[in-house]
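Dear colleague,

I am handing over the structure below, and I would be grateful if you could look through it with the notes that follow beside you.

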Amino acid sequence: MNKKLWLLFVGLAVMVMLTACGTKSKEDVLKDLDEKVATKGYKADAEMTLQMGTEPQTYDVQIWHKDPSYYRVNLKNAKKDQSQMILRNDEGVYVLTPALNKSFKFQSDWPENSSQAYLYESLVKDIEEDKDAKFSSTDKYYVFETKTRYQNNKMLPTQEITLNKKDLSPVSVKVKDTDGKALVTVKFSNVKFDVNFDKADFDLQKSMTAAKLAVPVMAEVDGDDSFSVKYPETLLGASLVEEKKVATEDEERIVLTYDGQKSYTIIQEKAEVAPATAGPINMTGNPVDLGFAIGALSNNKLSWTYEGVDYIIASTELEEAEMAEIARSVQGEAIK
């Protein structure tokens, strides 16, 4: 074998070895993820789209995380001045609604208690806990197909998680229904790891002030308690059997009664703006991310506020995931 042929052979052998070394197995990526998720903090932006009703709804999400358990997630409708923030610090978990000058305090283990499609460490936990997760790779990405960890994952049982090969940062998440249709899609941008935060960045008052600068407090209109009644587009085998107005001391309340395979009631009324000096309202149960809003789930009811209206779904027959599914579809003004 002459020298040129030998050098060519050696070069090809080295290329094959390098290529083999560059191909990581599922176990290799899991090990790397375990190390990556130990970052001291990260920031990310995301666009979240929900396909729950007849029209897709898109929201901008800003995520801050300081290891091990500080969170600040700002959720804003991409087209409307509707904003909420979920905050976790040493005092507890808070849901802030700046337009109403309200904050709600939960004694909750959020976000550990369920999958969170826009939190990196939650996605890594989903991948690690699903021993049957499917793994594939492309030129630029690693792709995992996993089970979700929602408290009742019958509605949204699986998800597709795409990560950058370069730095294992999240690219996108598609949360799917039982037919494999993506009902929640999250697309990440501006992901930065090893970000230094101060504890003050997760302070309740500082966070509320920042949120108010982005979305001013709603002006109160004396004597005007009117609003457009909205109906769910997902009925789960029930139909509207009664709609009535109930006069209360301060405003008008709309009560929608649904009956069928499972019965439930939806209550709607104009939300009140809290005084500037108001402190957090203590809540039982857990915060629930509905996409367009963050609700509170406890005692057979799910409550949330959206566009200046308070909503409650109450039922002794619906499962928690079913209440959330109906709530996500309360967007229409004519579908009954």
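**The second largest pocket**

At least two residues of the lining of the second largest pocket are supplied by each of strand 5 (92-97), strand 6 (102-106), strand 15 (264-270), strand 16 (281-283), strand 18, strand 19 (301-306) and strand 20 (309-314). Strands (E, at least two residues) and helices (H or I, at least four) are DSSP runs, numbered from the N terminus. A pocket is an open set of points on a 1 Å grid over the protein atoms alone, with protein on both sides within 12 Å along at least five of seven lines, whereas a cavity is a set of points where a 1.4 Å probe fits but cannot get out; lining residues have an atom within 4 Å of a point.

Please keep in mind that this is a predicted model, in which local features need pLDDT of at least 70 and side-chain atom pairs count only at pLDDT 80 or more, while totals for chains, interfaces and linings use all residues. Residues are numbered from 1 along each chain as its sequence is written, and side-chain values use heavy atoms, with hydrogens and water left out.

The second largest pocket has a volume of about 410 Å³, a volume being the space filled by probe spheres set on the grid points, which are joined across faces, edges and corners. Its lining has 22 residues, of which Phe 104, Met 283, Ser 303, Trp 304 and Thr 305 lie nearest the centre.

**The largest pocket and helix 5**

The largest pocket holds about 720 Å³ of space, and of the 38 residues that line it, Tyr 150, Leu 156, Asp 289, Ala 324 and Arg 328 lie nearest its centre. Two or more lining residues come from each of strand 1, strand 11, strand 17 (286-289), strand 18 (294-298) and helix 5 (320-328), and helix 5 gives the largest share, five residues. By type, the lining of the largest pocket has 19 nonpolar, 12 polar and seven charged residues.

Helix 5 is largely enclosed by the rest of the structure, because seven of its nine residues are buried, that is, under 20% relative accessible area with a 1.4 Å probe and protein chains only. The buried residues of helix 5 include Ala 324 and Arg 328.

**The cavity**

The structure holds one cavity of 30 Å³ or more, and the largest cavity contains about 30 Å³ of space. Tyr 42, Ala 44, Tyr 118, Tyr 120, Pro 170, Phe 188, Val 191 and Phe 193 line the largest cavity, with two or more residues from each of strand 1 (41-50) and strand 11 (182-193). Strand 11 gives the most, three residues, and the lining consists of eight nonpolar, no polar and no charged residues.

**Asn 89 and the whole protein**

Asn 89, in strand 4 (residues 83-89), counts as buried because its relative accessibility is 10%. The Asn 89 side chain reaches the backbone nitrogen of Glu 91 at 2.9 Å.

Overall, the protein has five helices and 21 strands, and 46% of its 336 residues are buried.

With best wishes

Terms used
Nonpolar A, V, L, I, M, F, W, Y, C, P; charged D, E, K, R; others polar. Buried < 20%, exposed > 50% of the residue type's maximum accessible area, 1.4 Å probe, protein only. Polar contact = N/O pair within 3.5 Å; in protein donor to acceptor, adjacent residues only side chain to side chain.
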